[in-house]
Amino acid sequence: QMWEEAIALGKELAEQYENEMFDYEQLSELLRKQAQFYENIVKVIRPKPDYFAVGYYGQGFPTFIRNKVFIYRGKEYERREDFEARLLTQFPNAEKMKTTSPPGDDIKTSSGQYIQCFTVKPKLDLPSRFHRPVSEQIVSFYRVNEVQRFEYSRPVRKGEKNPDNEFANMWIERTIYVTAYKLPGILRWFEVKSVFMVEISPLENAIETMQLTNDKINNMVQQHLSDPNLPINPLSMLLNGIVDPAVMGGFANYEKAFFTEKYMHEHPEDHDKIEKLKDLIAWQIPFLAEGIRIHGEKVTEALRPFHERMEACFRQLKDKVEKQYGVRAILSSLDERRGSRPRSMVRSFTMPSSSRPLSVASVSSLSSDSTPSRPGSDGFVLEPLLPKKMHSRSQDKLDKDDLDKDKKEKKKEKRNSKHQEIFDKEFKSTDISLQQAEAVILSETISPLRPQRPKSQVLNVMSSERRFSASPAPPSSQLTPPPITPRTKLAFSIQPSLELNGLSGSDIPDVPPPLPLKGSTADYGNLMESQDLISPTTSPPAHQRVSP
């Protein structure tokens, strides 16, 4: 399920298929696989394996692992107990250490075998190409893959113990492990090359915990927004553990420990950190509100009393936080993740008077204010229409544009009709006087909406002038074309009885446009290949018109 790695290899193969081998069939199959991989990244939830730090101490181990620490990548859903059992089967004589602190020299120099194993947390190291916030489904892969830094946190108490609030003096001793290579690699375990330790103050630990909690709520909300079919139980447990003070105590412990005048007086350097913690507490409210809204939409009737109690606890918590730390809103980010409409779309604007018609205008032309007037409106508000005068001008302009468009269409139709008439008169409705010939109208037309030309129009062959002239149509015809100027370039001598392309005179339809005059009959190609093509019969005189 490491589809990100498969996509990287697929791009290398695609380069070979496209530019080196020109195997487009393999390329198309590869691209289909890549498309499926991208879809899996967004839609499929992958299990996150755990990482374990394993130390082999004592002279009884082989030299390549003696007194060294390694980071192992566990299998899917593998617990630490199962991993330890699998590890101890390889070294049945080894003894498991009970503590997680580094051992002393007496253990390292002893002749026995001691194994220390504990869970470490991989530290996220996003690639540089993620220069803007991206979906959690994309980032989740890099939380447990392509990691090289791991951390283990151990609580340490300093100063006098406070039984009422354990957070006041709880320090965190954090050990950072850096491996030789990124995990996972060619192996599922690599040696630790460097180790260093840092201490986290109680206030810094509180800030970090609040930040992780907010991120966890936000990530789960985004998962439910992208996939409505997810089970609701994890969301219920998370929200109830934060909202109900009887379960976890909430952030009230932080208020008792750090928001007192005594602490501020003793630690004036922590003023900025305290303000940051207050800001994180205020930001938790909108995340919780969105989570409870989704929970209310998906909750079953059996869990309805549980949801109502959670809502009641949240209302009390919200009133308290907003009163003390201010109000925070995340309308834009959550609306965008829910797939809201872009703000460049049109808005509806209505006049105060109900008798006036509705009008639609663009945001950019009428209003540059994109702030929603109420929550959940997605930035769309009702605003007054433009003045009536401006509206009438706009309407007049639209009417004028429609009128100009109609004029252009009429001119185009008229121009096409004129060309059609010329074409029909010169070429389409020509009847050559041949023996036993019949007048046939061509079935092909330029415009199917235009009526056929009358059959009575024929052309007289003027041998002396070597040109065509249109004969007048009957008076009853309503489609008489205007007279046209004779074209001398179209003049040619009519052969009495031709067979065109193997057709006899009775099968010839109206002749297509005539060829220009040539020097000899041989220039006409296949029109007269031999003298046998000419019929022995003679045609009527050129000046005599033969009716169809």
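Buried means under 20% relative accessible area, exposed means over 50%, and partly exposed lies in between (1.4 Å probe, protein chains only). Helices (H or I, at least four residues) and strands (E, at least two) are DSSP runs, numbered from the N terminus. This is a predicted model, in which local features need pLDDT of at least 70 and side-chain atom pairs count only at pLDDT 80 or more, while totals for chains, interfaces and linings use all residues. Residues are numbered from 1 along each chain as its sequence is written, and side-chain values use heavy atoms, with hydrogens and water left out.

Helix 5 spans residues 136-144 and is mostly covered. Seven of its nine residues are buried. They are Glu-136, Gln-137, Val-139, Ser-140, Phe-141, Tyr-142 and Val-144. Just after helix 5 comes Glu-146, with a positive phi of about 55 degrees.

## Two nonpolar cores

A nonpolar core is a set of buried Ala, Val, Leu, Ile, Met, Phe, Trp, Tyr and Cys residues joined through side-chain atoms within 4.5 Å. The largest one here has 35 residues. Phe-258, Leu-277, Ile-281 and Leu-288 touch the most other members. Helix 6 (202-226), helix 7 (233-243), helix 9 (252-258), helix 11 (271-298) and helix 12 (304-325) each give two or more residues to this core. Helix 11 gives the most, with ten residues.

Take Ile-281 as an example. Leaving aside residues up to four places away in sequence, Ile-281 touches Met-210, Phe-251, Phe-259, Val-321 and Tyr-325 (contact means heavy atoms within 4.5 Å). A second, separate core has 16 residues, including Met-97, Val-120, Leu-183 and Val-192.

## Helix 11 against helix 12

Two packed helices are described by the angle between their axes and the distance between the axes. Axes are lines fitted to C-alpha atoms, for helices over the stretch in contact, and angles run from 0 to 180 degrees between N-to-C directions. The axes of helix 11 and helix 12 come within 10 Å and cross at roughly 155 degrees. That makes the two helices roughly antiparallel, a term for angles over 145 degrees.

## Salt bridges

A salt bridge is a side-chain nitrogen of Lys or Arg within 4 Å of a carboxyl oxygen of Asp or Glu. The structure holds 19 of them. One joins Arg-79 and Asp-82 at 3.5 Å, N to O. Arg-79 is exposed, at 52% relative accessible area, and Asp-82 is partly exposed, at 37%. Another joins Glu-136 and Arg-143 at 3.1 Å. Glu-136 is buried at 14%, whereas Arg-143 is partly exposed at 29%.

Glu-208 is partly exposed at 28%, but Arg-174 is buried at 10%. Elsewhere, Lys-68, Glu-191 and Lys-193 are linked in a network of salt bridges.

Technical notes: Parallel < 35°, antiparallel > 145°, perpendicular 65-115°, else oblique.
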